[in-house]
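Here are my notes on the model, as promised. Have a look at the structure first, then go through the points in order.

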There are 2 protein chains.
Amino acid sequence: MEQTEEQSESTNSALKRVQETAEAKAHTYDASKYERPSVTVDVVMMSLRKRDLQVLLIKRRSWPYEGMWAIPGGFVNIDESLETAAKRELQEETGVQDVYLEQLYTFGDPGRDPRTRVITVVYFALLDSERLQVRAADDAADVGWFSVYDLPSLAFDHEKILHYSLERLRGKLDYTTIAFSLLPEQFTLRELQRVYEIILHKRLDKRNFRKKILSTGILEDTGAKKMEGTHRPARLYRFNPEAEAKL
Amino acid sequence: MEQTEEQSESTNSALKRVQETAEAKAHTYDASKYERPSVTVDVVMMSLRKRDLQVLLIKRRSWPYEGMWAIPGGFVNIDESLETAAKRELQEETGVQDVYLEQLYTFGDPGRDPRTRVITVVYFALLDSERLQVRAADDAADVGWFSVYDLPSLAFDHEKILHYSLERLRGKLDYTTIAFSLLPEQFTLRELQRVYEIILHKRLDKRNFRKKILSTGILEDTGAKKMEGTHRPARLYRFNPEAEAKL
DNA sequence: CTGACTTAGTGTATTTACCACACTAATATA
DNA sequence: TATATTAGTGTGGTAAATACACTAAGTCAG
C-alpha cells in the first residue's frame, strides 16, 4: 500500500573509473552527440469505463511508429522530481489531479527508441470513474481510451509495459486498497465487487466477497442508499482509510 | 518471481510541448550546464555472512559525504542496458557473476546529490554464501560488508534505499523462491530455515517450516547427507526450479 | 394494478491452511 | 562411556477460504 520515497545516490570511488571508460566504450549508437541517455516519464493511466478496464493512449503523429498508439509521457525537467513530472503529465493529458500514482518500473534498453537512447521511468495511475468524465473526449483525435483486453497495435514496446501494469494491478488488488481509487467516494458493494471482477477477469462469489470485505472493517456504511434501474436499492459505502485493516 | 523485460518509450504528440517548456522552467538548480539529468545505476548487494544478513558498501573518498559508506554504483554507458550496467558494477565490485538481480526502484529527486541532478536506478542483488568468499576482502580499505541490522552512517539517502531493499526482500520471501539464491546448490532444511529467520528477523517453528516447504514439492532430496560438528547428519536438498509450485 | 423481471442481501457446512507444542535417535567430543 | 548437540517426526485446535440457493424490494410494461 505504500511506496517509499524518492532519493539516493551513487557516485563513489568506483564511479570515476566507470565514468572514464563510459565514453571510451561508447562506440556510438545513433548519436555520439548524446553522450548520456535522456530520461522521460511515461504514465499508464487506467480507469473503469463501461464495465471495462481501459487505458489512456495517445496517437503518434510522427516517425517513428507514426499513426500508432502510445502511452503518454515526456521529458523530466531538470528541477522537478520524477513523481512531479508524472503528475504534470497527467495534468496535461487529462486535466485530473490527485489520483493514485505509483512508480512502476524503469525501462532503458538501448535501441528501444530508434532516435536516441532514452531511459523511461514508468508510472502507473488510476482514475476514479467519476472524475474521469472531466476531459477524455477533448482533443479526441489524438487521445483515446482502450480496453486493456482489446488493445490496438502499440508503438515501441508499450504492449509489454501494459502487460506489466496489469500484472502489478492484479497483484496488489488483494493486499492493498488500490481498488478504491477506481471508484467514486461512495459506492455499493456490488460495484466494488465488479471492480475486482473486471481487473481479475473472473467471476467472484457474492457472499464470500461481501463477507471478506466487510470483515476487514475497511468500509463505512454511509446510511445512504442507491436506487437505480430496475433493482432493489443498495447500501452505499465509503472507504475508511483510518481503518488500517489488512485485506 | 518474475521481473518483466526492459523497454518502452514516450515521445509523442504531447512530448514536444513538454520539451519546449522544460528548459524554460529550469530556473537552474546548481548546474545550468546540465540541461538533462544524469543516470546512474546503484546496486544493493546482500548476502548471508556469519549467520547475518549483510550488505556490501563502499567508503567514499571525496566530497560530498567524504569518509562515509555508500551503495556502489556508476554511470550507465550509452550503449548498455540498465541491467547490463548493474551486472558490470557487480563484476567490478565483487568479481561475481550470475547472481540474482532485480530492479528495485528509481530515485530521482532533484537535490539528492549536491553536485548535480542524478537519477539513479537501483538494482537489488543476492549472492549465495559460497561464491561470496571469492573476493570481498580484496581492497578491504574501501569495501566492506555490514549487517543490515547494524549499519554505519550512510552517504546521501542510502539508508532509505537499504530499508526499502530489506522490505522488498521480506515481502518476496514467502511467495517467491528468492531465498534459494542466498544458498549454495545443496543445503539442509535447517540452513534454509535459518535464511528465513535471518531475513524475517524472527524465530520460526521447525516442524511447521519443514512441513510447508516440503509440501510445495519445490525441493529435491539429493540423497547425500551433511555431517558437521557434533550433530546428527542432515539430508541435503537441492532447489528444483522445474517444480513450479507456489510457496 | 398486476405480473414479470432484476438485483440486494443473507447463512451454513466443508475443506483447507495455520499454529502451538515435545520427544527420540544419530553423531562428535571430552 | 557419558555428555552435548542437532535432525527428524505428528497431532489436535483454530481460523480462513470455499461452495452453494433462496427471499424481498424495487422497476417497468402491459
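1. Of the atoms of DNA strand C within 4 Å of the protein, what percentage belong to sugar or phosphate? It comes out at 40%, with the rest belonging to bases. Bear in mind that this is a predicted model, so to speak: local features need pLDDT of at least 70, side-chain atom pairs count only at pLDDT 80 or more, and totals for chains, interfaces and linings use all residues. Residues are numbered from 1 along each chain as its sequence is written, chains are lettered from A and ligands numbered from 1 in the order in which they are written, and side-chain values use heavy atoms, with hydrogens and water left out.

2. Who sits around DNA strand C? There are 20 residues surrounding it, and A:Lys206, A:Arg210, A:Arg232, A:Arg235 and B:Gly229 are the closest (a residue is near a molecule or strand if one of its heavy atoms lies within 4 Å of it). By class they split into 3 nonpolar, 6 polar and 11 charged; here Ala, Val, Leu, Ile, Met, Phe, Trp, Tyr, Cys and Pro count as nonpolar, Asp, Glu, Lys and Arg as charged, and the others, Gly among them, as polar.

3. Helix 5 of chain A gives the largest share of the surface near DNA strand C, 4 residues. At least two residues each come from helix 5 and strand 10 (234–239) of chain A and from helix 5 of chain B. Helices (H or I, at least four residues) and strands (E, at least two) are DSSP runs, numbered from the N terminus.

4. Now the polar contacts to DNA strand C (pairs of N or O atoms within 3.5 Å). A polar side-chain atom of A:Arg210 is 2.7 Å from a phosphate oxygen. On the base side, B:Asp205 has a side-chain N or O atom 3.3 Å from a base nitrogen, and a polar side-chain atom of B:Arg232 lies 3.2 Å from a base nitrogen.

5. Over to DNA strand D. Of its atoms within 4 Å of the protein, 39% belong to sugar or phosphate and the rest to bases. Among the 20 residues around DNA strand D, the nearest are A:Gly229, B:Lys206, B:Arg210, B:Thr230 and B:Arg235. Helix 5 of chain B supplies the largest share of this surface, 4 residues.

6. For polar contacts to DNA strand D, a polar side-chain atom of A:Lys211 is 3.0 Å from a base oxygen, and a side-chain N or O atom of A:Arg232 is 3.1 Å from a base nitrogen. B:Arg235 uses a polar backbone atom instead, 2.8 Å from a phosphate oxygen.

7. Which way do helix 4 (residues 189–200) and helix 5 (residues 206–216) of chain A run relative to each other? Their axes come within 11 Å and cross at roughly 100°, which means helix 4 of chain A is roughly perpendicular to helix 5 of chain A. Axes are lines fitted to C-alpha atoms, for helices over the stretch in contact, with angles from 0 to 180 degrees between N-to-C directions; 65 to 115 degrees counts as roughly perpendicular.

8. Last, chain B has an open sheet of 3 strands in the order 8-10-9, with antiparallel pairing (two strands pair if DSSP finds at least two bridges between them). Strand 8 (186–187) and strand 9 (219–226) of chain B stand at the edges with a single partner strand each, so one side of each lacks a neighbour in the sheet.

Technical notes
Parallel < 35°, antiparallel > 145°, perpendicular 65-115°, else oblique. Polar contact = N/O pair within 3.5 Å; in protein donor to acceptor, adjacent residues only side chain to side chain.
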